[in-house]
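Hi there,

Here is the structure I promised to pass on to you. Have a look at it first, and then read on for what I found in it.

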Amino acid sequence: MKLIKYFLLIVFNFYGFLGFSQQEKDAKVRYKKRVLETSEVDFLANYYTQRGDNAAVTGGLGTEELSDVASTIVVAIPLNDNDVLTIDAGISAYSSASSSNVNPFDKDENADPFVASSGASKSDALVSLTGAYSHSSESRNDVYSAKIAVSSEYDYFSLGVGGSYSKLFNEKNTELSATFNIYLDRWTAIYPIELRPFLAEGIGFFRPNEIRGNTDYDPNFSELNRTNRNSYALGFVFSQILHKYVQGSVSIDVIQQQGLLSTPFQRVYFSDVADSFIENFQLADDIERLPDTRFKIAVGARLHWYLNERITVRTFYRFYNDNWGINSHTASVETPIKITDKFTIYPSFRYYNQSASDYFYRHESALSTSEFYTSDYDLSNYNSNQFGLGVSYTDIFTKAHIWKLGLKSIDVKFYKYDRNTSFSSSIITAGFKFVLN
């Protein structure tokens, strides 16, 4: 009888212990902090403008004027304690004097590489949509994500998929993450107007009686044999809290591209072919030709130093190399300065330097006997400086409201960019973050 009592006592204590443990576990789950407490909505907008005298559309000599207005809405929705769905939709509309000269002859005045045309190629719109899903483990030490993205404009369509995994350990002082992305792109090949009569179909604009200079204009032009481009990207980041005031990280990114890596409507002029003109516009000797594979690798490092409750210093350096002969160095510094509890300013500076691609040629310096050539100054030897200044307003209590949306932050930034060529640009961005109350 005593044996039975002891047995029942052990059983009751055991179940009591299990019940207490289960309650403790349920309490931890019940009061666990959500990855995202409530839905957030970001409204982003920017205005970009550029100018220069080395347009690739006109063979490295001509106007590069362009303006672009873009807007984006990003909605982050917590599905439960651990999962977040993010939808990113954007539209970008541009007007380009450079790309208008794909057909420079559709205006009343004389065609000229430094004067914008008025044709359909002068403007375009890019529409994009991205959906992303992320899952965090119960311990918040593991984060998985996946995304799918589509974008489209008049002559280009892109489909992308990707994902990432992040692991935190060492009491969340160390983080290791890996990302991958695949983009499958397709061009609609649009050639310079004067080359179209030399296509197999023999269509397009041509005015042989108006040609000056070399009147026997007969370019050795052939159509591109493929119009797709596939890109595969893999990245790794190792981040470490070095001190309670210092955090550092190193990263490596590897990209492999295959397919059409040149732009069909960018002209090239040869030094060993006599020039032909209509009005003030030089007729193309050929289009840009580049290899159908490209391998890129970049190694970077960041160091963030929290000086005090007012000032933080963020530094970054990256080295880049590809098998087209380009090496580049990027160095930047940003110093957020907290003015008040709600306002912060962000002065920044970025320096960039790169060597020229093996296939870059200035206007009329390429040879017709070469296999690959381009006059795109993005692939030239240059260095650049970018100065920036941003202002941020943050209200964690979201006192200001629009309908059911509480305003959490406002960010406005301006950047001025200059190359040691004739190229310069400016961009102003504005972002508004709301939370659903």
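**Charges and overall form**

The 41 positive and 50 negative charges of the protein have mean positions that lie 15 Å apart. For that count, Lys and Arg are positive and Asp and Glu negative, with His and the chain ends not counted; each charge is placed at NZ of Lys, CZ of Arg, CG of Asp or CD of Glu.

Before you go further, please note that this is a predicted model, in which local features need pLDDT of at least 70 and side-chain atom pairs count only at pLDDT 80 or more, while totals for chains, interfaces and linings use all residues. Residues are numbered from 1 along each chain as its sequence is written, and side-chain values use heavy atoms, with hydrogens and water left out.

The secondary structure comes to two helices and 23 strands; these are DSSP runs numbered from the N terminus, with H or I over at least four residues for helices and E over at least two for strands. The radius of gyration is 29 Å, well over the 22 Å that the globule rule gives for 437 residues, so the protein is more spread out than a compact globule. That radius is taken over C-alpha atoms, and the rule is 2.2 Å times the number of residues to the power 0.38. Along the principal axes, the C-alpha trace spans about 120 × 50 × 45 Å.

As for the surface, the protein exposes about 23,800 Å², and carbon and sulfur atoms supply 59% of this area. Accessible areas come from the Shrake-Rupley method with a 1.4 Å probe, and for residues only the protein chains shown count as cover. Of the 437 residues, 38% count as buried, where buried means under 20% relative accessible area, exposed over 50%, and partly exposed in between (1.4 Å probe, protein chains only). Taking contacts (heavy atoms within 4.5 Å) between residues at least 6 apart in sequence, 62% join residues at least 24 apart.

**A run of antiparallel strands**

In general, strands of a sheet pair through backbone hydrogen bonds, either parallel or antiparallel; here, two strands count as paired if DSSP finds at least two bridges between them.

- Strand E4 (residues 123-136) runs antiparallel to strand E5 (residues 142-153), and 10 bridges join them. Ala-132 has Lys-147 in E5 as its bridge partner. The two strands form a hairpin with five residues between them, and Arg-140 in the turn has a positive phi of about 65°.
- E5 and E6 also run antiparallel, joined by 12 bridges, and form a hairpin with two residues between them. Ser-145 stands opposite Ser-164 in E6.
- E6 (residues 156-169) pairs with E7 (residues 174-187) in the antiparallel sense over 14 bridges, and Gly-163 has Phe-180 in E7 as its bridge partner. Their hairpin has four residues between the strands, with Asn-170 at a positive phi near 55°.
- E7 pairs in the antiparallel sense with strand E9 (residues 228-243) over 13 bridges. Ser-177 has Val-237 in E9 as its bridge partner.

There is also an open sheet of three strands, in the order E8-E12-E13 with antiparallel pairing. Its edge strands are E8 (211-213) and E13 (281-282), each of which pairs on one side only. E8 pairs with E12 (residues 276-278) over three bridges, and Gly-213 has Ser-276 in E12 as its bridge partner.

Where does Lys-172 lie? Lys-172 is in the loop between E6 and E7, and has a positive phi of about 65° although it is not a glycine. Lys-172 counts as partly exposed because its relative accessibility is 39%.

Trp-403 lies in the loop between strand E21 (401-402) and strand E22 (405-419). Trp-403 is not a glycine either, yet has a positive phi of about 60°. At 70% relative accessibility, Trp-403 counts as exposed.

Is Lys-296 buried or exposed? This residue of strand E15 (residues 293-306) has 18% relative accessibility, so Lys-296 counts as buried. Beyond neighbours within four places in sequence, Lys-296 is in contact with Asp-253, Val-254, Ile-255, Gln-257, Tyr-320, Asn-321 and Asp-322. Lys-296 and Asp-253 are 43 residues apart in sequence and 8.0 Å apart in space, C-alpha to C-alpha.

Best wishes
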